[in-house]
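Welcome! Here is a short tour for anyone meeting this structure for the first time.

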Amino acid sequence: MAPGKGSGHEKTDNELLLAIVIADSFDDLFQPLSLNKPRCLLPLCNVPMIEYTLEFLASSGVNETLVVCKSHAETVKAYIKQSKWARTHSPMKVKTKVVQQSRTLGEALREIDDTPFISDFILCTGLVISNMNMSSILDMHLANAKRDSDQIVTMVLQEATSAHRISDKSDESVYVIDPSNNKLLSVDSFPSLPKAEHLDIPLGIITDSPEVEIRADLMDTNVYICSPAVLELFRDNFDYQTMRSDFIHFISISTLDASTFYAHILTGTSSLGAVSAETRQRGLDSRDHNEPLALGHSGYAAAVIDTAAYDAISRDLVARWAYPLCPDSNPVDETVYSYNRGAVYKAEPVFLGRESRVEHHVMLGSNSQVSDFARVSDSVLGKGCAIGECSVVRGSYMFEGAKVGKGSVVERSILGERVTILDNVFIERGCIIGDDVVIGPDVRIPEFTRVARWLPQVEHSDFSDGEGVGMSDNDDGDDDEDASSSIAGYTDSRSSATNAARTAAATAADNTANEKFDAQALGASGVGYVWSNTATSDDYDDDFDEQDEPDSTRVWIRQLRTLGSSTRDIAAADAELSEQLAAVYIADEEAVAEENAPEESFEHELRLTIRRSFEENLDIDIASLEINNLRMSLKGQLDDMRRILIQETLKFADVDGLPGSIKTMFSRWGGLIKKTLSNNLEQVMVIDIVERFCALEESLDESTRGRLFVLSLRFLYEFDIVEDLAIIYWYNKASEKANSGSGAEEISQDLVQKIATFVEWLEESSEEEEDSDEDEDEDDSDEDSE
């Protein structure tokens with residue numbers, strides 16, 4: 001079967017329907033909650049999230065599911081083995097596959113043995129919450145395959161405006177669709193901040209179709225029906241990170257691959273038919289974004305992409321908008337909830353004070369307790385949770401064993417397992433408190449604060465749920481072999497989640513006396529550490545590790561987009577993003593410069609490929625795909641690729657045509673350079689590369705070196721490739737080396753002096769912007785007071 005072609009295989013009645021569930025999220029958006037447990041096993045309405053996904057697949061007629069996991073793999077395997085899916089009479093067989101070295105979805109799919117996947121299969125994440133029956137969608141997919149032999153994916157989409165509470169605020173997606181057959185012609189995804197000024201759609205996509213729809217009101221449900229060719233394409237192009245923004249986007253615009261994609265769009269009324277006439281009249285453009293999703297007749301479908309989505313989906317389930325997915329039809333056998341007036345669900349036993357107030361949309365797990373004069377609303381309490389007298393819990397989620405003392409307030413936050421909030425503590429909106437943390441007494445935790453029992457670590461900074469944890473690498477992927485992992489501060493056999501919790505609690509108590517915590521932030525009896533709102537472990541380690549991560553802006557916004565946030569909060573992220581440069585450290589350039597014979601071959605081939613891209617004026621996305629595929633196939637380093645790309649960009653500019661020639665190069669190809677930058681350190685490294693080129697390139701005469709360096713930095717800044725603080729930071733560090741006499745051979749002091757005036761102008765501009773922001777804040781404050 002040729003790559004990019006449909007299977008051409010018609011499913012028979014006796015043929016098994018298979019599914020692949022990607023249990024790992026390859027990000028750290030739920031940390032510190034996911035330090036001790038993978039995200040897919042975190043409770044949503046007191047049920048592990050993966051249970052909803054497996055129930056959805058089983059009800060859709062899936063016979064066998066492969067759960068692909070990386071972080072906390074042994075915990076996932078142990079959970080599956082003791083769950084109902086391991087029973088002999090289980091309606092669906094569930095297997096696990098460990099992909100310990102994978103950092104993206106593409107790398108995970110490359111490690112899957114595709115032998116069993118001889119026909120079309122369902123691909124989804126382990127965070128999908130849905131009551132859809134995929135049978136009709138699968139029939140449509142197979143019917144399309146008969147008409148179009150190039151079809152490889154049917155993507156399940158949901159109508160929802162970008163402002164809706166459940167949509168992904170971190171990026172925006174635009175879908176170009178042929179309305180006659182729902183053929184997906186193009187998908188473009190870009191960060192919400194900074195706002196994109198234009199959208200590039202290949203002209204052929206518009207002209208080759210008699211009618212197209214360009215839609216920005218669709219949400220990816222993370223559910224796909226795939227042909228076996230998908231796995232083959234991922235093996236050949238394993239640099240993809242996501243299905244939508246990488247795999248589907250690049251193939252749909254490629255002129256070399258004829259593979260096609262189709263969309264199934266969920267639309268219309270909800271599965272309950274309970275949408276009010278007023279809501280129908282307002283339609284999807286309603287400004288009341290707290291309305292539940294209006295879904296098609298196929299049912300409810302959404303993915304827990306971040307804690308804001310976690311909050312929105314939880315509220316939908318409690319409000320019964322995803323019926324029959326609701327607390328009183330618990331997919332896990334062990335707990336039964338009774339439904340009471342005001343959408344209050346109670347497990348037995350529950351202890352309520354006579355003067356307590358349990359208001360609307362509340363779940364109370366077994367052995368939970370609400371004391372006299374305490375108030376709970378729009379919240380979920382796990383097993384054994386307790387709320388003290390005169391305390392208030394609103395719009396929050398308390399995992400098993402969490403406790404709130406007297407006179408405390410918890411506002412739209414998540415408390416992990418065994419968290420203790422002492423007396424007179426105020427937890428502001430958007431806080432995430434990790435397992436075993438103690439806070440208080442008499443302290444206020446600012447909004448969007450993350451608190452963990454342990455400091456973040458960098459050993460496994462790979463954008464996975466297990467990031468920051470000292471996990472063992474002795475798991476070789478054998479699904480039948482038990483392995484052990486160690487977490488910073490204690491050892492855990494991982495035989496079960498319960499044993500892990502007991503071990504963590506016991507050892508944490510033993511070690512507390514030997515640790516020094518921030519009493520000012522967490523209170524006199526506080527146990528834990530406050531994490532940065534916008535950064536992970538880099539704030540705590542002087543050795544900055546490179547992270548081959550998605551666009552840093554997108555990741556930063558997604559980390560900020562927690563439950564309780566608003567559009568105004570997200571907009572503020574754009575102004576604050578540059579502050580992360582304060583923790584940047586310059587990497588040792590000598591480590592990058594070391595090359596061996598294979599690397600020399602990679603460098604030669606890469607230079608040829610980049611020059612060809614310049615000469616043929618290739619599209620930025622196509623050029624990026626080609627050089628990344630070359631890097632992966634020849635096992636090249638990202639730092640080397642970035643260095644060579646910048647050098648070739650400078651070489652291609654005509655030095656006799658300055659400044660126009662260098663401006664044209666950065667204007668046309670700056671986007672390609674920007675795609676190689678994933679964190680603030682790498683912006684500083686770009687300046688290092690430009691400085692070394694201008695100082696050492698033999699073809700440049702002395703009069704040109706300084707001018708080229710100044711113009712390069714100017715246009716790198718002007719086209720938003722490098723931020724002003726990166727340039728200022730580099731200049732200050734270089735000046736310090738000059739004054740101390742160290743590093744004189746590494747940096748040309750003549751070039752440093754050339755940019756002094758430019759840096760002075762940047763500093764003045766930065767100060768003016770700060771003054772302007774302060775004035776705007778004062779105006780906003782005055783308006784609020786009015």
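Let us begin with Gln 158, which sits in strand β8 (residues 151–159). Helices (H or I, at least four residues) and strands (E, at least two) are DSSP runs, numbered from the N terminus. Gln 158 is buried, with a relative accessible area of 0%; buried means under 20% relative accessible area with a 1.4 Å probe, protein chains only. Thr 221 is 63 residues from Gln 158 in sequence, yet their C-alpha atoms are 6.7 Å apart in space.

A word on the source: this is a predicted model, in which local features need pLDDT of at least 70 and side-chain atom pairs count only at pLDDT 80 or more, while totals for chains, interfaces and linings use all residues. Residues are numbered from 1 along each chain as its sequence is written, and side-chain values use heavy atoms, with hydrogens and water left out.

Next, strand β1 (residues 18–22): five of its five residues are buried, so β1 is largely enclosed by the rest of the structure. Leu 18, Ile 20 and Ile 22 cover one face, and Ala 19 and Val 21 the other.

What about the nonpolar cores? Such a core is a set of buried Ala, Val, Leu, Ile, Met, Phe, Trp, Tyr and Cys residues joined through side-chain atoms within 4.5 Å. The largest has 69 residues, and those with the most contacts inside it are Leu 44, Leu 57, Met 134, Val 304, Tyr 310 and Ile 313. Helix α1 (residues 49–59) gives the most to this core, with six residues. Apart from this core lies another, of 54 residues, including Ile 644 and Trp 730.

Leu 44 touches several residues beyond four places away in sequence, among them Val 304, Tyr 310, Ile 313 and Leu 317; contact means heavy atoms within 4.5 Å.

Eleven of the twelve residues of α9 are buried, including Tyr 310 and Ile 313. At its N-terminal end, Asp 306 caps α9, with a side-chain oxygen 3.3 Å from the backbone nitrogen of Ala 308. Arg 320, which follows α9, has a positive phi near 70°.

Definitions and conventions:
Buried means under 20% relative accessible area, exposed over 50%, partly exposed in between (1.4 Å probe, protein chains only). A polar contact is a pair of N or O atoms within 3.5 Å; within protein, one must be able to donate a hydrogen and the other to accept it, and residues adjacent in sequence count only if both atoms are side-chain atoms.
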